[in-house]
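Colleague: I've got a model open and would like to learn how to read it. Could you walk me through it, one feature at a time?

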Amino acid sequence: MGGYTGKILRINLTDRKTSNEPLNMEFARNYLSGRGLAGKMYADEVSSDVDALSPENKMFIATGVLTGTKVPTSDRFMIVTKSPLNGEITSSNFGGYWGTQLKFASYDMVILEGKAEQPVYIKIQDDLVEIKDATHVWGKDIYTATDILKQEFGDDLVKALTIGPAGENRSLMAVVMNDLYRAAGCGGVGAVMGSKNVKTIMVRGTGKVETANSSEIERVLSMALRKIRGNNVGTQNKTTKRLTQREACYRCPIACGRFSKGDDGVGAGPKYKCTGDFEEADDLCNKLGLDKISVNVTIAVGIELAQRGYIKPKELDGTPLEFGNAKGTLEWIRKIAYSEGLGAKMALGPYHFAESFGAPELSLVVKTQRQDRQSAIRKDLTAVIDAVGLCLFTSFALGLSDYTAIVNAVIGCKYTNEEILACGERILNNERLLNLRVGYPVVADTLPKRFLKNPIPDSPSKGQAHRLAEKFC
Ligand code: SF4
């Protein structure tokens with residue numbers, strides 16, 4: 001069977017023990033891999049009432065069955081764990097090269113459980129796995145820590161999965177960063193890794209991922225590449241005068257990454273996620289290990305709380321909290337990462353931050369919108385794309401039959417389109433069941449009240465509010 005390595009690496013941090021175990025191929029058949037398989041294992045292994053930041057919570061770092069193969073954008077992998085931000089199961093997806101290296105080291109998944117007594121990092125070099133002291137890099141930003149540990153490793157091709165000070169301080173907006181700029185940004189997964197006292201996971205593999213049917217793979221891949229190029233798939237990225245180079249994940253012809261020149265030098269600049277010329281803030285979030293989207297929203301919530309008088313001037317400690325103040329914004333980002341002063345409350349994320357002032361309605365937190373049949377199919381397919389380790393941007397060019405053909409060619413199996421979609425549905429149902437088990441409220445599946453009730457004050461849409469009910473009922 002191609003694609004899978006068939007092996008899972010389990011690391012018990014409390015006992016400082018590592019072990020290998022075989023992949024459950026029946027689970028793999030039903031849940032594919034990545035998000036699906038890890039979600040199923042999480043449901044089976046972890047009690048629903050664990051505290052997300054306790055040693056009893058586990059972190060599954062799972063590659064897709066296509067990760068590390070020749071398939072375009074087959075670089076994706078994900079972290080599945082309980083989110084400290086909202087208590088639900090989270091699947092935080094990232095690209096880069098780390099997942100590929102893990103497959104080359106012959107592992108489909110790493111499971112972190114327990115908690116190390118002191119800060120540690122994990123070194124995976126093919127089948128040699130070590131848990132090592134990380135006190136010398138604890139407290140350092142992601143760029144610095146990665147540089148130091150790479151030098152110690154002594155191999156340019158090693159890849160690092162790292163948290164910054166935000167994760168160490170358990171900010172609920174903390175990310176896990178890979179290849180310096182590729183983040184698993186959702187759900188506060190960086191805080192979960194920080195709660196386990198794990199700074200970094202270094203991996204270097206020298207093997208390769210076997211695939212089942214090479215002639216069929218060549219055929220389906222050239223078809224997929226033709227469609228991706230023909231559809232001119234790329235992100236609607238903001239290409240500023242400051243753009244210096246593009247950057248791609250493993251085997252990606254789309255290359256959505258951007259490096260931009262800011263006033264203080266070149267950094268990973270705004271991608272599709274950013275608006276405005278806030279390259280420096282963007283880079284600082286990467287460096288300190290914060291989710292830039294949540295940080296943007298949290299600072300905006302803070303500004304509104306200050307404008308409405310919920311935050312008193314003395315609580316600001318002299319740091320301006322106002323729209324358009326770039327210097328103040330940079331300082332708030334730093335305070336959030338280090339949990340300093342008001343930054344400690346902001347580090348809880350926009351909802352809990354606004355809630356702590358008795359004004360949760362000021363946070364613009366969206367869960368998901370209500371489904372109609374079409375979006376249900378779309379969600380099933382999205383779960384499949386995530387689970388097999390491909391980038392969602394491919395879905396601008398590829399459809400269900402393309403994904404089914406690719407999966408069949410790589411694994412050497414005969415899924416029908418319906419069976420592939422059923423895997424996606426199973427993955428989502430498992431996640432929904434997990435969230436019901438932890439008591440995640442269904443009412444969270446809507447838009448914030450302000451979107452529905454407050455008319456837009458100006459602009460061409462003046463006077464309008466979101467017509468959710470009209471659209472979906
Ligand atoms: S489109 Fe961007 S995020 Fe997706 S695989 Fe390519 S470079 Fe990575």
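Predicted model: local features only at pLDDT ≥ 70, side-chain atom pairs only at ≥ 80, totals over all residues.

Modeller: Let's begin with a pair of helices. Two packed helices are described by the angle between their axes and by the distance between those axes. Here, helix α8 (residues 279-288) packs with helix α10 (residues 326-337) at an angle of about 10°, and their axes are 10 Å apart.

Colleague: How are α8 and α10 oriented to each other, then, roughly parallel or roughly perpendicular?

Modeller: Roughly parallel. Angles under 35 degrees get that label.

Colleague: Which residues of α8 and α10 meet?

Modeller: On the α8 side look for E280, A281, L284, C285 and L288; they meet T329, L330, I333 and A337 in α10. By type, the residues of this contact divide into seven nonpolar, one polar and one charged.

Colleague: While I'm on that helix, I see a tryptophan, W332. Where does W332 sit, and is it buried or exposed?

Modeller: W332 belongs to helix α10. It has 26 C-beta neighbours inside 10 Å, so it counts as buried; the cut-off for that is 20 or more. Leaving aside residues up to four places away in sequence, W332 touches I299, T319, L321, G343 and M346.

Colleague: Now the sheets. In what order do the strands run in the sheet that holds β1?

Modeller: Read across that open sheet and you get β2-β1-β6-β3-β4-β5, six strands with mixed pairing. The edges are β2 (17-22) and β5 (89-94); each has a single partner strand, so one side of each is left without a neighbour in the sheet. On average, neighbouring strands are turned by 20° against each other, if you ignore direction.

Colleague: Let me zoom in on β4. How many of its residues are buried?

Modeller: Six of six, so to speak: β4 is mostly covered. In a regular strand the side chains alternate between the two faces of the sheet. In β4, F77, I79 and T81 are on one side, M78, V80 and K82 are on the other, and all of them are buried.

Colleague: And what are the partners of M78 on either strand?

Modeller: A62 stands opposite M78, and in β5 the bridge partner of M78 is N93. For the strands themselves, β3 and β4 run antiparallel and are joined by four bridges, while β4 and β5 pair in the antiparallel sense over six bridges. β4 and β5 also make a hairpin with six residues between them, and G87 in the turn has a positive phi of about 80°.

Colleague: Which residues other than glycine have a positive phi?

Modeller: T73 is one of them, at about 70°, and S106 is another, near 75°. T73 lies in the loop between β3 and β4, and it counts as buried because it has 26 C-beta neighbours inside 10 Å. S106 is found in the loop between α3 (98-104) and β6; with 19 other C-beta atoms within 10 Å, S106 is partly exposed.

Colleague: What is the strand order in the sheet that holds β7?

Modeller: That open sheet reads β8-β7-β12-β9-β10-β11, six strands with mixed pairing. Its edge strands are β8 (128-133) and β11 (182-184). Strand β10 (residues 176-178) pairs with β11 in the antiparallel sense over three bridges, with N178 opposite R182. Helix α4 (residues 142-153) packs on this sheet, and its direction makes about 140° with that of β9.

Colleague: And the whole chain?

Modeller: The protein chain has 17 helices and 15 strands, and buried residues make up 48% of its 473 residues.

Conventions
Residues numbered from 1 in each chain as written. Pairing = 2+ DSSP bridges. Helix = DSSP H or I, 4+ residues; strand = E, 2+ residues; numbered from the N terminus. Axes fitted to C-alpha atoms, helices over the stretch in contact; angles between N-to-C directions. Parallel < 35°, antiparallel > 145°, perpendicular 65-115°, else oblique. Contact = placed C-beta atoms within 7 Å. Nonpolar A, V, L, I, M, F, W, Y, C, P; charged D, E, K, R; others polar. Buried ≥ 20, exposed ≤ 12 C-beta atoms within 10 Å, placed from the backbone.
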